[in-house]
Amino acid sequence: MKKRRNKNPFPGGLIGGLYKPLTQEGIEKIHKATMKVFEQTGIEVNDERALKAFHDAGAEVDFKRKIVRASESWVMDKIKTAPSSITLYGREDKHNMVLDDYNVYIGTGGTATNVLDIDTGERRPSTLEDVQMAARLVDALENIHYFVISCFPNELEKKDVDVNRFYAAIRNTSKHVMGGVYTREGIENIAKYAAMIAGSREALLKKPFVSFITCIMSPLVMDKDYTDLMIAAIETGLPMATPTAPMAGSTSPATLAGTLVQMSAEALSGVLLTQILNPGHPVLYSCVPTTSDLRTGAFCFGSIEMGMMNAACAQLSRFYNLPNYTTAGVNEAKIPDIQSGYEGMATTLLCALAGSNYIHDAAGLIESGMSISYEQYIVDNDILGMCMRAVKGIEVNDYTLAVDVINEVGPAGNYLSHDHTVMNMKKEFFYNKLSDRNTRARWESEGALDARERAKIMAKEILSSHKPLFIDKKVEKEILSTIPNMIQEWVE
């Protein structure tokens, strides 16, 4: 297979930080309030091993009520061992991502349980084949930097989900793969075959191309099952996110600042447990703050306030010197339409301009994250490209000021054929692949297709022709023969 080149002129890793919804004083006040929550309210921890670990590390633990409290000095001391910079690798080096400072990368999210069928347009339960095809589509879309496994294989039993879902993703994209997990055995077996693909466990830990997501529940609860999975993930040594998803007005205070306080306490709890059990473990300050529509009680993934809070999370993570995992781009639309576009663009752009390191959920999801749409991946690929162009900003130097060129062309001249235009037309402008910029007459002559119809055509073309960097056949044979619960037949 020929080596593929990334021709994207606005790749991930660009420096953000232009948008700052919080002042420095606001950041410090949120921090102080967060520490009061740790000291006065505490976190409910429903796993005995985790409770003992917090106790042995010096936190105040009420074993009867399962409440962990801690002082500001204790919290700040424990999180110091967490890495301030984490590199998430792809199976090809061109997809490596350095998460630190204001570096911006944007990718997918999940886990949706439904998909809009690309042929019928009807909503149906997602399958393992959809995991494969979503990964393959993302592999070909240059503005989507990584693949968080975006849908659930409903036809599989729980014991079979983890190993097959992750393998379906890894096999169909050479970009970094992250995903939620459901069983301890699944986590252990994913780590085993990832090491086989890497060549050894040491090679995998040196360049981890896979990572895990476990959750913290709002308000202020470390659930028994999720905490067990978190401990299992920590034991693998692989990078992880421990996101919390408070909903302002229902599972967190109605004020954005109050939600950020609670969320920060929850996010830091995940960091604390990883560092207590394995100091130096690569973990992200992981945030999914959302809002509720208090008129209906609906969960709002596409609200502008969600974008603002997630942008604020990027600022808070830097206060703690931690790389961040934030959320944007999801929408409440039931199909790829104007709503899915404006809601997705608004929140993603805010997070990107804020310099969020790892913006997940930003491609392919509709219906509050309940469904994926192949067409939406195409739409979002353009949106993400525009967001990264905005992050790049305007470069100002003697060359870009172009005074000599202006003098040469002069009044009433034309720049179209000038060498300066030719040299800059690709790197200065972002060219949407989906948008129609033709005349109306040409648009009509080509079928008068709207953006969703064009996106569906593009998605089908990619899925029928794109071939990802598959797993070495010898390694694949070993994986399928030695790892339990693996599906034996895969889409080529």
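**Entry 1: surface charge**

I started at D419, which counts as exposed because its relative accessibility is 58%. My scale is: buried under 20% relative accessible area, exposed over 50%, partly exposed in between, with a 1.4 Å probe and protein chains only. I am working on a predicted model, where local features need pLDDT of at least 70, side-chain atom pairs count only at pLDDT 80 or more, and totals for chains, interfaces and linings use all residues. Residues are numbered from 1 along each chain as its sequence is written, and side-chain values use heavy atoms, with hydrogens and water left out.

I placed D419 in helix α15, residues 419-428. Helices here are DSSP runs of H or I, at least four residues, and strands are runs of E, at least two, numbered from the N terminus. D419 forms a negative surface patch with D398, D404 and E408. Patch members have over 30% relative accessible area and no salt bridge; like charges are joined within 9 Å, nonpolar side chains (Val, Leu, Ile, Met, Phe, Trp, Tyr) within 5 Å. Asp and Glu count as negative, Lys and Arg as positive, and His and the chain ends are not counted. I took the place of a charge as NZ of Lys, CZ of Arg, CG of Asp or CD of Glu.

**Entry 2: nonpolar surface**

I then found a nonpolar surface patch made of I394, V396, L401 and V403, with about 430 Å² of accessible area together. Accessible areas come from the Shrake-Rupley method with a 1.4 Å probe; for residues, only the protein chains shown count as cover. I looked up L401 and found it in helix α13, residues 398-401. L401 is partly exposed, at a relative accessible area of 48%.

**Entry 3: salt bridges**

I counted 23 salt bridges, each a side-chain nitrogen of Lys or Arg within 4 Å of a carboxyl oxygen of Asp or Glu. K29 and E25 meet in one of them, at 3.4 Å from N to O. About one helical turn separates K29 and E25, because they are four residues apart in helix α1, residues 24-41. K29 is exposed, with 55% relative accessible area.

R69 bridges to E60, with the closest N and O atoms 3.8 Å apart. I checked R69 for cover: at 15% relative accessibility, R69 counts as buried.

For K473 and E492 I noted a salt bridge with the closest N and O atoms 3.3 Å apart. That pair links distant parts of the chain, since K473 sits in helix α18 and E492 in the segment after α18, 19 residues apart. K473 counts as exposed at 53%, while E492 is partly exposed at 45%.

I also noted a salt-bridge network linking D47, R49, R184, E188, D228 and E235.

**Entry 4: aromatic rings**

How many aromatic pairs are there? I got eleven, where rings of Phe, Tyr and Trp (its six-membered ring) pair if their centres lie within 6.5 Å; planes under 30 degrees apart are stacked, over 60 edge-to-face and the rest tilted. Y167 and W490 have ring centres 5.2 Å apart and planes at 70 degrees, so I logged the pair as edge-to-face. Y167 is in helix α5 (residues 158-172) and W490 in the segment after α18 (473-482), 323 residues apart, so the pair links distant parts of the chain. Both Y167 and W490 are buried.

F429 and Y431 are edge-to-face too, because their centres are 6.3 Å apart and their planes at 80 degrees. F429 is partly exposed at 45%, and Y431 is partly exposed at 40%. Last, I noted Y146, Y325 and Y358 as one aromatic cluster.
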